[in-house]
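Q: I am new to this structure and would like to learn how to read it. Could we go through it step by step?

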Amino acid sequence: MTVPLKPENFKSLVAERLFNPQLRRNLSRATQTALTKRLAVVKDYSDWEQRRLIAHGIKKLVIEHLPAYLGEFERNAEAAGAKIIHASTALEARNAVLDIVRRYGGTLAVKSKSMVTEEIGLTHTMNEEGIETVETDLGEYIVQLAGQIPSHITAPALHFSKEEVGELFTEKLGIPYTSDPKELTAIARRVLRQKFLDAGVGLSGVNAGIAETGSICIVENEGNARLSTTLPRVHIAVMGIEKLLPDMRSLTHVLNMLARSATGQRISSYTSIITGPRKTGEKDGPDELYIVLLDNGRSTMLADPRLREALYCIRCGACLNTCPVYQKIGGHSYGSIYPGPIGAVITPCFYGMRQARYLPYASSLCGSCSEICPMHLDLHHLLLERRRQAVADRCTPFIERVAMRAGAMLLKHPWTYRLAGAMGRTFGPLLADANGSLPVPGWTTSRDFPKLAPHSFQSLWEEHANARRDA
Amino acid sequence: MRDAMHKKLLSALRTDSIVKPLKSELDALFLPLGGGDAGVAVDDMVKRYCVALKQADGEPHVFDTREAFMAWFVQLAMEVNPQRVILASDPIVSSYMQGASASTGLNAVDFVHVPVEEEGREADMFLRRRTADAQIGIGMALAGFADSGAIAIASTMNESRALSLLVDIHIAILPASRILPCLDAFANEMTRIALDGDSSALTIVGGPSKTADIEKVLVTGIHGPGRLIVAVMSDR
């Protein structure tokens, strides 16, 4: 049973979270630590800015020629023995996976951390269909045991204290209580090791597909992805179609930046590059490898030249850590699998603009996300574009649209502008509250309306000019 | 399904062309990065490598003879008291571990060699079960990367994936001459390995298995080996 995702609950979730001191402390500590660690290893490269531009250039090449690179990837993956499946929607992808699992008579599946599988709701569906699907990433495992959703791209159980984890394990696993992270980790290792050994199917996402060789690359620190993709007889990998890179040189370039941006490591503990199922002579590995290529709205983003860039994202989570809004409200507030700045840009694709309408506005447009993004995404302009779309789709409040339209009219002609100013100066003091701020419904609950100057600039200028002329 | 997806992508890009850009266009993107660390002395590379691996919570050791390596391994075995050790059948591993079972202090250890010949699914499952109960796995590193301290390993007929995955301690033997400045220098080899058809799994191992999912407290050995030991052999 998972908490349903509802980006439209943003406002109420934020109100709750802003006033939770424990959450604020956890978030602050976690994000600041992540930022500090990142800086320490970014310093390895005096040409970091150059590298960002190169990474951007590589993805631009791929995305602008996606059909060609996708075709090359498919051919090479199939030549290596993998089976390719195309899924336009989340439903098609889930059905494809279920179909494969049923064909092999699987009843137990192990799953490594994968945002795309959460995006399509795979685990929930599989468990409902009677296939026990175990999340094996420690944070995801904790979250699954508790029946919740993850709160951060790279640290899913950030919101749990060690005592809460201890209680959870005692309740669900029947072990004596402990809150020592080392002991809790050892318990999880033991319990999950048996699942890996017994499972008939292993599920994973894909960090990058390599077109030149048909390989898939999976990056992790725990080892659960390696286990999930080694021990079971069947490995099913779900890959967003935008996750392609042309060749290994491009892969190493991006890998140099991924771990540094995500966790402040030079490289993750395990970067697996898998090319087809096991070969003759190999001692282990899956007999079958299926790669499910997923669209699910990506082609829609591809079709919009102003949003296409969002497809370059490598899901490092750096934009979350640096965002002053995310730092205060945390991931759950966004009500989406993808939180933070990048989440605000791509969530409308999966939920529609109406449901996700608050997210592009959950930003001061400070641009910190754009500065930190290793792929040089112009995130704050992408957010602005989403705002433009929200207005065009009539997803912003009616009053706001009227006020903006009125404001535009007033600013169109000098005489309307002067008239508005004169009226504001005359009637403003009569309407102002104790602080001298005009009460604008909704807008001024958390801001002051700027005080109007006693004289307009134009009148001061005229006065000044007259004084000089007369002097 | 395939045609429908490709058609959609072509229409999204408002094009009919499925022509890839020239390789030269892609290669040109990397020009600003320049040459790199060509011509760095091996000794310096070994030093840099060891510093980087330590920073990643790995354990580098440098040996200049087989005897030195074996003496160290006997010490480790006394400390850890392994019941079983899985050995890759790579000739280099075999040469360093030759006669190990006869060494004092190692008589009680069950040394299992990865069988080289194709022996079918049952033999593979048998090997897997034995590896699952092994404390130490000793395999080869195809390369080392001085900037990160990482190594490249591959599943081959000599070395199973499980050897470096199911055990508690993974020992990788890395000839010093195989240390490269960075991962980029290995890209061509990565392509060759992927296209050759002998190995389906190449893994870049950057440290022990680790997680900080509980209150950001770093813990090693969550799913994979809790210790990554790299034995740098300076005599090769």
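A: Let's start with a term: contact means heavy atoms within 4.5 Å. This is a predicted model, where local features need pLDDT of at least 70, side-chain atom pairs count only at pLDDT 80 or more, and totals for chains, interfaces and linings use all residues. Residues are numbered from 1 along each chain as its sequence is written, chains are lettered from A and ligands numbered from 1 in the order written, and side-chain values use heavy atoms, without hydrogens and water.

Q: Which residues is Thr275(A) in contact with, leaving aside its neighbours within four places in sequence?

A: They are Ala80(A), Thr213(A) and Ser215(A), together with Ala194(B) and Ser200(B). Thr275(A) sits in the loop that links β9 (270-274) and β10 (288-294) of chain A.

Q: Is Thr275(A) buried or exposed?

A: Buried means under 20% relative accessible area, exposed over 50%, and partly exposed in between (1.4 Å probe, protein chains only). Thr275(A) has 3% relative accessibility, so it counts as buried. For chain A, 58% of the 471 residues count as buried.

Q: What is the secondary structure of chain A?

A: Helices (H or I, at least four residues) and strands (E, at least two) are DSSP runs, numbered from the N terminus. Chain A has 21 helices and ten strands.

Q: In what order do the eight strands of the open sheet lie?

A: Two strands pair if DSSP finds at least two bridges between them. The order is β8(A)-β5(A)-β6(A)-β9(A)-β9(B)-β6(B)-β5(B)-β8(B), with mixed pairing. At the edges are β8 (244-245) of chain A and β8 (179-180) of chain B, each of which pairs on one side only. β9(A) pairs with β9 (residues 201-205) of chain B through five bridges in the antiparallel sense, and Ser272(A) stands opposite Thr203(B).

Q: How many bridges join β2(B) to β3(B)?

A: Four bridges join β2(B) to β3 (residues 110-113) of chain B, and the two run parallel. Ile86(B) has Val112(B) as its bridge partner in β3(B). β2(B) also pairs in the parallel sense with β4 (residues 136-140) of chain B, over three bridges, where Val85(B) stands opposite Ile136(B). Strand β2 (residues 84-87) of chain B is covered on both faces, with Arg84(B) and Ile86(B) buried on one side and Val85(B) and Leu87(B) buried on the other.

Q: Why does the span of helix α5 of chain A agree with what it should be?

A: The expected span of a helix is 1.5 Å times one less than its number of residues. The 14 residues of α5 (residues 90-103) of chain A should therefore span 20 Å, and the end C-alpha atoms are 20 Å apart.

Q: Which residues of α5(A) are buried?

A: Among them are Ala90(A), Ala93(A), Val97(A) and Ile100(A). The cover over the buried residues of α5(A) includes β1 (83-87), α7 (122-128) and β10 of chain A. After α5(A) comes Gly105(A), with a positive phi near 70°.

Q: How many residues of α21(A) are buried?

A: The count is zero among its 14 residues, so to speak a helix that is hardly covered.
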